[in-house]
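Please keep the structure open as you go through the points.

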Amino acid sequence: MQQVTLTLTNAVGLHARPAALFVQTAARFRSNITVRNVTRGTPPVNAKAILAVLTLGAEHGHVIEIAAEGPDEADAIAALKALVESRFGEDGG
Amino acid sequence: MSCRLRGLPASPGIAIGPIWWFRRALPAAMRTRGEDAAAERMRLQAAQERAAAELAALRAAQRDRLSPEELAIFEAQELMLRDPELMATVEAELAAGASAEAAWMKAVEAFAAQLMALPDPYFQARAADVRDVGNRVLRHLVGGLEAPAMPDEPVVVAADDLLPSETVSLDPRRVLAFVTEGGGPTAHAAILARRLGVPAVVAIGPDLRTIPEGARVLVDGEAGWVEVEPGSEAVRQAQARRAVWLQERAHAEAVAHEPARTRDGVQIEVAANVGSMEDAREAFQKGADSIGLLRTEFLYLGRAAAPTEEEESAIYRALLEAMGGKPVVVRTLDVGGDKPLPYLPMPPEANPFLGVRGVRLSRQHPDLLRQQLRALLRAGVGFPLRIMFPMVSTVEEIRWLRAFLEEVRSALAAEGFPLPPDLQVGMMVEVPAAALLTEHFLPWVDFFSIGTNDLAQYTLAADRTNPAVAGLADGLHPAVLRLIRHVTAATEGTGKWVGVCGELAGDLLAVPVLIGLGVQELSVNPVRVPEVKATVRRWSMAEARALAEEALRQADAAAVRSLVAEARS
């Protein structure tokens, strides 16, 4: 299993377009991927389910933890990390 | 027992009839138990596929009109439709013997409730998106129609507010009036009501919900109230007033092609706002003296590439011809972050209404403006063409625009094109700064046309697309009237003219106030032309001036409205 802990620095957190991008990215991989909101202390949820990701209520500044387990777990973590660190492609955050 | 609910008057007229609630949510009768899990699962899948196709089509069709944020919501809804966690909940319900619709709605509601429980309003708002997706699938499951079917007999349509796509689904022949909980005089329901010529009262508030389906109501779209279960005497009086109103309207249409002169003989130009060829034909037919505002966005929106100069010029020529030699005020492209063009990249803005729009955008894309001006000047030969620039806020901008226009003119002349000899050039007054400095803009223009929708929203700091504050942006607010007066006072005696092309010009209560303030041209929705002309004819300039003076001294828009209502009776 691979894991990464990240801080959301984009403007709206995991909401609307960022949440959609996050879920679409996760869905490209075969591994089981979960994400939890460390700041809010939520249990991990399915990172390929948009409703589950929205219910994390992950806002700007919150810390999230992503975990992947499966054949392409390293690639999955790398892709999701890059997405979050690029602030989901938002200009100026 | 009757009770009267107050709102904002949004379209004049009187109507009596049963309330019909425009409800988006669906059938009360829903099967809760399913046949067998496999059959129910197949029904649900078929419904989800149809809903997904609808969403994708909606997103594609609206791409040019929606903000990136709105598009993201549609995209997220498509993902919600095939959310594995949602489907896991549905599966559990199906396995327990629930019907497809019951299992689906239970799962949807469970997630909506979780989202509602989050502290951040951004996330809470997503609950509405989930429920919206839920209802979309449910409609396909229970075979309901896309929009609620209207009853056969004419009704008073009640709603919280109506979306543009929803107003389209209504049969205008069966709409007696509109009454809405939210919205303002520039909300979609209000605009539709004025177009149909039926009364509307908006922003009534949550009390509206206390009116049960089918209850008889009396709607006064001029005073802005709704009476529930009116007594027989009130109904008799209202019916008499309605008969007079309908008769006056018929008479107004009969004489719509005559000029509109006040009782003491001052002619007011009653023009039309148009945004397409069909609008222009309607304007001509309804008796408009001219086109006071031709919105040119229709040439640019909903296409992948900008039109060519030849295409543009041919369309302008056809429009000028359709108006049979009457003057046409053409507004140059007026887009911004709130209505972006696919071939004109615009960075997202936090406040598009305060961002790069109108001439601010034109200056960033001078090629687009140059081509539009070339096309206009080429089409305008032999016609009374007037060119108008939108969203001018500084004198420097109008000087730049005039210099740019001169450049285009000389270039065309050098290429051997004939030019319109009596071209008029004007600007819109939408920004309070422009209204306050009218005298400095005067040397650069032949006319001013006041865009009261934007002028009101900028003066009152109230976003007219936000239902929570749209009601504040009333053009009859004395602060807005004082700005209009500033423009007319500075223009008096210069031989130049002032018009109004916002919604306010078509508001019959505002007509005497505006002409009393010295406005010489009122540009309105084509269907409003006959009644606006009839209203002009009812007043003398002396009366209108006295009324306007009084209106300028009021403290708020409501006081101005009651002042005019009293003066008329």
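**Notes on chain B**

1. Chain B contains 21 helices and 17 strands. Please bear in mind that this is a predicted model. Of the chain's 569 residues, 44% count as buried. Among contacts in chain B with a separation of 6 or more, 68% are between residues 24 or more positions apart.

2. Let's turn to the contact with the other chain. Here 21 residues of chain B are in contact with 18 residues of chain A. On the chain B side, α2 (68–81), α3 (84–95), α4 (100–116) and α5 (121–141) each supply at least two residues. The largest share, 7 residues, comes from α2(B). Sorted by class, this side of chain B has 14 nonpolar, 6 charged and 1 polar residues.

3. Which residues have the most contacts inside the largest nonpolar core? They are Val270(B), Ile291(B), Met427(B), Val513(B), Leu514(B) and Leu522(B), in a core of 85 residues.

4. Next, have a look at strand β5 (residues 175–180) of chain B. Why can β5(B) be called largely enclosed by the rest of the structure? Because 6 of its 6 residues are buried. Strand β4 (residues 155–159) of chain B runs parallel to β5(B), and 5 bridges join the two. One of the pairs to find on screen is Ala159(B) with its bridge partner Thr180(B) in β5(B). β5(B) also pairs in the parallel sense with strand β6 (residues 200–202) of chain B, over 2 bridges. There, Val179(B) has Val201(B) of β6(B) as its bridge partner.

5. Finally, a helix: is α16 (residues 452–459) of chain B mostly covered or mostly uncovered? It is mostly covered, with 7 of its 8 residues buried. These buried residues are Thr452(B), Asp454(B), Leu455(B), Ala456(B), Gln457(B), Tyr458(B) and Thr459(B). After α16(B) comes Ala461(B), which has a positive phi, near 50°.

Note on methods
Residues numbered from 1 in each chain as written. Chains lettered and ligands numbered in written order. Predicted model: local features only at pLDDT ≥ 70, side-chain atom pairs only at ≥ 80, totals over all residues. Buried ≥ 20, exposed ≤ 12 C-beta atoms within 10 Å, placed from the backbone. Helix = DSSP H or I, 4+ residues; strand = E, 2+ residues; numbered from the N terminus. Contact = placed C-beta atoms within 7 Å. Nonpolar A, V, L, I, M, F, W, Y, C, P; charged D, E, K, R; others polar. Core = buried A, V, L, I, M, F, W, Y, C linked by C-beta atoms within 7 Å. Pairing = 2+ DSSP bridges.
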